[in-house]
Amino acid sequence: MAISDIFKRKKVQKRRVRPIVPRSYVAAGVNRLFADFGVSDSSADGELRTALPIMRARSRELSRNNSYVKRYLGLLTKNIIGKKGITYQSKALNSDGTMDTGGNELIESAFRAWGRLGNCTTDGKMTFCDVQKMAVECEARDGEVFILKHFGSQFKDGVALQFIDADRVDHDVNRRLENGNEIRMGVELDEFKRPVRYHVLQDHPGDAGFQAKAGQKKYIKVPAERMMHIFKAERPGQTRGVPRTAPTMSAIKQLDGFKEAAIVAARVGASKMGFFTSNSGDDFNADEYDGETPVMNAESGTFTQLPAGMDFKSFDPGYPTGEFDPFHKAVLKSIASGLEIGYTSLANDAEATSYSSIRQVALDDRDFYSDQQEFFIEHLVRPVFECWLEYHLSFGNSPIPLSRFDKFASAAEFRGRSWNWVDPLKEMNAAVTGLHSGIQSLQHVAAQYGMDAEELLSQIKKDKELMTQFGVEYALEPYNVPKAPEVVPDEEDAEEDSADTSDEELNRALITALRVVD
């Protein structure tokens, strides 16, 4: 290397700087943006053990005093159950494949009779439709519903239902038993987490006369086969239910406080007009005094001169402003989303909505209600029916033997309420088009109206028979184009037709004869 090379600038190689790539999800980052993001790694029961009683109590408080929660519960019962409840129809068949009409009618009428007031509950205060509505409301408000099945000759068909308040299934009972079972929040589970029995307090802990001390609580151990525990599990291994209002409680409470503050501010602004001030401190000859504060009465169309040195300062809080309504709607939309129904339904607000938007909201709501109908059919109505059917046939109240239980239990069909469309004429035309094109059946169309094809045809037949009985002509003929009425000629017309025909025949004969002569 030459001496001059020492003074040459060496070429510095640039190092490539690798970009910093997050090694995990952004949502799992630990920084100032997530500093107040509280998380928990507890199990479902671990979170519910301490939180459930508080959430249930707050949910009940909102159902009593919050208009939106009250409407939400009303929407659930009205749309899931309806005025007639979830109805039952038997579709049992004979061995030759024909419909067992007689047996179906016997079971249907007997189940309707059991579901009337005074029969299906132990206290005799509810119909089976009432039972369904209370179950829906309890499940939404409390997160779960407990129904105890009672058996005995004192009840119609040997069975009756009793609602058990969720507070009576003591959530403080938590321990592992010697037989390997485990009690979680009052529910005893086996090794597969299947309920074995429920530890139910003999009295409600909130009763006015309940004076039991710690360690003196009296329990009733109810076998799981006698208790119906209905709730929607949100996580695997969940033993108790969560109120549906839980995700929205904070927003509902804050919205209530905001509305109250706005109303108070508006009332103050409407009540207080202003203040009288004086630099000299001279007394003001007021009309009256509110304590030590002078008050001047104001009347429309009058003018009053203030004393010398006295000034008037008007009071204008400027609230509520135009921001109240948009903010209120924004919060309420968030609440409606948490409750899984549309804002227009929850708020009862159809302002500035179009036909298409109402239609979309109605479709979403009906999908939600239909899903809930199926949930309560499988968790409440069908189990109750099968329990009733077994005891009804066992007690000898029916000519149908118990050996036919499977036949009628497997053929049971349950239907919830249906909804009329926003535009009934368009819906009806669409149904007719679907029938003509073959993409819909009569059963499918009838189900949209909460009926069955067999029930629909039977009703049409009864209508025609009733009209015949009273001598009324049935002017409508469904599923076919009515034939044109036959015109029966009277005797004079018949004679004229006969004469005309004879002349025509005579003319033909003459023409033929002339042709022969030619």
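In this predicted model, strands β2 and β3 pair in the antiparallel sense, and six bridges link them. Within this pairing, K149 stands opposite L161 of β3. On the sheet packs helix α4, residues 128–142, which touches β2, β3 and β9 and whose direction makes about 25° with that of β3.

Strand β2, which covers residues 145–151, is also joined to β9 by four bridges, and these two strands run antiparallel; here V145 stands opposite I230 in β9. Taken together, the three strands form an open sheet in the order β3-β2-β9, with antiparallel pairing. Because β3 (residues 159–164) and β9 stand at the edges and each has a single partner strand, one side of each is left without a neighbour in the sheet. From one strand to the next, the twist averages 25°.

We can now turn to helix α2. This helix has 15 residues, 67–81, and at 1.5 Å a residue it should span 21 Å, which agrees with its end C-alpha atoms being 21 Å apart. At the start of α2, a side-chain oxygen of N66 comes to within 3.0 Å of the backbone nitrogen of Y68, and Y68 is itself one of the buried residues of the helix, which also include V69, Y72, L73 and I81. Just after α2, G82 takes a positive phi of about 80°.

Notes. Residues are numbered from 1 along each chain as its sequence is written. This is a predicted model: local features need pLDDT of at least 70, side-chain atom pairs count only at pLDDT 80 or more; totals for chains, interfaces and linings use all residues. Side-chain values use heavy atoms; hydrogens and water are left out. Two strands pair if DSSP finds at least two bridges between them. The expected span of a helix is 1.5 Å times one less than its number of residues. Buried means under 20% relative accessible area, exposed over 50%, partly exposed in between (1.4 Å probe, protein chains only). A polar contact is a pair of N or O atoms within 3.5 Å; within protein, one must be able to donate a hydrogen and the other to accept it, and residues adjacent in sequence count only if both atoms are side-chain atoms. Axes are lines fitted to C-alpha atoms, for helices over the stretch in contact, and angles run from 0 to 180 degrees between N-to-C directions. Contact means heavy atoms within 4.5 Å.
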